[in-house]
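Work through the exercises below with the sequence and the structure open. Each task is followed by a solution in steps.

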Amino acid sequence: ALAVSAMRLASKKVLLHDMKSIETLARVNVLCVDKTGTITEDSMCVSEVVKAKAYDEEKMPDLNRMIGDFVKGMDADNSTMHAMQEHFTEHSDKVPEKVIPFSSTVKYSGVIFKDQAYVLGAPEFVLRDDYEIYKETIESYGSEGYRVLVFGRYEGTPDGKALTEAVVPYGLVLLANPIRKEAWETFQYFADQGVDIKVISGDNPVTVSKVASQAGIANADNYIDASQLKTPDDIKQAVLKYTVFGRVTPDQKRQFVRALKEAGKTVAMTGDGVNDVLALKEADCSIAMAAGSDAAKNIANVVLLDSNFASMPHIVNQGRRVVNNIRTAASMFLIKTMFSVMLSLLTIFFGNAYPFEPIQMSLISACAVGIPTFLLAQENNYEKIDHTFLRHVFMNAFPAAVTITGCVFSVMLVCQNVYHSNAMLNTACVLVTGWNYMAALKTVY
């Protein structure tokens with residue numbers, strides 16, 4: 001059943017690193033997703049550059065060229081920087097002395113030129129104490145779904161650690177991510193299945209909330225800035241209360257997943273970047289996009305080869321089909337085990353010969369158990385999985401096993417003087433067992 005599901009998922013461009021992840025994902029009741037690459041497309045574009053008050057057009061170089069000088073020395077190792085380099089193509093001959101790549105912990109990147117240092121990053125982390133001055137403007141753009149970055153001059157020397165000196169903002173860079181066409185349908189499916197969605201992103205919570213709302217995620221307006229969560233207790237309370245989390249660090253993502261698991265949830269996590277690896281490893285089932293980093297793809301249980309989040313319902317349905325069909329097949333196998341043990345005990349205590357020859361037991365195993373369950377294991381049973389696997393198997397198997405045992409033993413007692421040989425008596429027992437097994441098969445399925 002698992003092998004057939006793996007083949008079916010492969011046809012949907014889903015690669016399984018771990019086959020049992022099909023079953024795990026079918027039991028998931030909380031799905032943690034990132035904004036970029038999951039809710040939105042992988043591609044990103046610069047929509048607009050808004051000049052700040054500190055930028056003087058008459059005395060300073062062109063702002064687009066300044067940003068072009070900044071990004072030309074950067075590695076385009078993420079969708080943000082790739083979009084920046086595609087948009088800001090004009091630059092001067094200035095050569096950077098040092099480049100500080102973007103860090104998901106401090107949320108900025110920096111470039112040091114001979115005469116000045118510049119930084120580009122998240123407004124709260126770049127502006128810090130001055131953020132309140134620009135908060136209304138930044139959040140107004142964020143409420144429209146834009147991702148807002150601040151570009152400005154740094155009064156100190158950036159070193160890849162948290163900024164300590166003042167930043168003079170020159171402009172706001174507005175980035176846009178188109179929402180995936182299939183996002184609404186996919187999230188509606190999970191809502192119908194009773195799966196809670198948690199949106200965990202490093203972007204501004206207002207922006208993430210707006211995008212999540214446009215994608216049809218329930219309670220998307222229930223958001224929080226993760227930078228306000230200082231203690232493990234804060235995280236445990238927030239992760240159960242809120243739906244959208246912004247300004248989340250890589251370690252916080254892992255803490256969120258761990259807190260959900262401690263609350264008794266079965267957690268799946270999607271991600272595509274190196275900063276998602278800790279959370280992916282912590283989750284019960286991890287899903288990575290093929291367009292993401294190699295580290296994320298190597299650690300994940302499931303890889304979406306076309307980076308299409310719409311494949312998720314197919315994975316869940318295949319998991320449910322496997323579990324439901326194995327549960328049914330297990331009942332049929334357990335019937336044979338139980339009535340065989342019961343008949344063995346009865347024949348020992350009553351001194352009768354065992355009613356089946358070995359070849360007859362093989363016939364029962366093949367025709368009444370093996371072949372029917374093999375064929376019916378391919379049934380498309382997508383019912384929601386509960387936590388009563390063993391109870392369900394036992395409750396289906398026990399009555400059928402008692403019935404078969406009673407009927408066979410009755411035939412042995414009543415007909416042992418009617419038939420002229422043990423072979424005829426054994427054949428009658430096989431026919432009675434087969435008839436009861438067909439009735440049990442109808443009941444189980």
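**Exercise 1. Ile-335 and its surroundings**

Task: Find which residues Ile-335 is in contact with, leaving aside neighbours within four places in sequence, and decide whether Ile-335 is buried or exposed.

Solution. The model is a predicted one.
Step 1: Ile-335 lies in helix α14.
Step 2: With sequence neighbours within four places set aside, the contacts of Ile-335 are Ala-397, Ala-400, Ala-401, Ile-404, Tyr-437 and Ala-440.
Step 3: The relative accessibility of Ile-335 is 0%. Buried means under 20% relative accessible area, so Ile-335 counts as buried.
Step 4: Asn-396 is 61 residues apart from Ile-335 along the chain, and 8.3 Å separates their C-alpha atoms.

**Exercise 2. The crossing of α14 and α16**

Task: Describe how the axes of helix α14 and helix α16 cross, and state the handedness of the crossing.

Solution. 
Step 1: Helix α14 covers residues 312-350 and helix α16 covers residues 389-415.
Step 2: Their axes come within 7 Å and cross at roughly 35°.
Step 3: The crossing is right-handed. Sorted by residue class, the contact of α14 with α16 has 23 nonpolar residues, five polar and one charged.

**Exercise 3. Nonpolar cores**

Task: State how many residues the largest nonpolar core has, and follow the contacts of Phe-187.

Solution. 
Step 1: In soluble globular proteins, nonpolar side chains tend to be buried together.
Step 2: Here the largest nonpolar core has 33 residues, and Leu-25, Leu-31, Phe-187, Phe-190 and Val-199 have the most contacts inside it. Helix α8 (residues 183-192) gives the largest share of this core, four residues.
Step 3: Phe-187 touches Val-33, Ile-39, Ile-197, Ala-215, Gly-216, Ile-217 and Phe-309, residues up to four places away in sequence not being counted.
Step 4: Another core lies apart from this one; it has 26 residues, among them Phe-356, Ile-364, Cys-429 and Val-430.

**Exercise 4. The covering of α4**

Task: Is helix α4 mostly covered or mostly uncovered, and what covers its buried residues?

Solution. 
Step 1: Helix α4 (residues 63-72) has 10 residues, seven of them buried, and is mostly covered.
Step 2: The buried residues are Leu-63, Met-66, Ile-67, Gly-68, Asp-69, Phe-70 and Val-71.
Step 3: The cover over these residues includes strands β3 (45-51), β5 (108-112), β6 (117-121), β7 (147-154) and β8 (167-176), together with helix α5 (79-87).
Step 4: At the start of α4, the backbone nitrogen of Asn-64 has a side-chain oxygen of Asp-62 within 3.3 Å.

**Exercise 5. Arg-147 and its partners**

Task: Arg-147 is in the contact lists of Asp-203 and Leu-175.

Solution. 
Step 1: Asp-203 sits in the loop between β9 (196-200) and α9 (205-214), and a relative accessible area of 6% makes Asp-203 buried.
Step 2: Beyond residues up to four places away in sequence, Asp-203 touches Arg-147, Lys-35, Thr-36, Val-208, Gly-246 and Arg-247.
Step 3: Leu-175 is in strand β8 and is buried at 1% relative accessibility.

**Exercise 6. Positive phi**

Task: What are the phi values of Lys-13 and Arg-247, and is each residue buried or partly exposed?

Solution. 
Step 1: Lys-13, in the loop between α1 (2-11) and β1 (14-16), has a positive phi near 65°. Its relative accessible area is 47%, so Lys-13 is partly exposed.
Step 2: Arg-247, in the loop between β11 (244-246) and α11 (250-262), has a positive phi of about 55° although it is not a glycine. At 5% relative accessibility, Arg-247 is buried.

Note on methods: Residues are numbered from 1 along each chain as its sequence is written. This is a predicted model: local features need pLDDT of at least 70, side-chain atom pairs count only at pLDDT 80 or more; totals for chains, interfaces and linings use all residues. Side-chain values use heavy atoms; hydrogens and water are left out. Axes are lines fitted to C-alpha atoms, for helices over the stretch in contact, and angles run from 0 to 180 degrees between N-to-C directions. Helices (H or I, at least four residues) and strands (E, at least two) are DSSP runs, numbered from the N terminus. A crossing is left-handed if the near helix is turned anticlockwise from the far one by less than a right angle, and right-handed if clockwise. Ala, Val, Leu, Ile, Met, Phe, Trp, Tyr, Cys and Pro count as nonpolar, Asp, Glu, Lys and Arg as charged, and the others, Gly among them, as polar. A nonpolar core is a set of buried Ala, Val, Leu, Ile, Met, Phe, Trp, Tyr and Cys residues joined through side-chain atoms within 4.5 Å. Buried means under 20% relative accessible area, exposed over 50%, partly exposed in between (1.4 Å probe, protein chains only). Contact means heavy atoms within 4.5 Å. A polar contact is a pair of N or O atoms within 3.5 Å; within protein, one must be able to donate a hydrogen and the other to accept it, and residues adjacent in sequence count only if both atoms are side-chain atoms.
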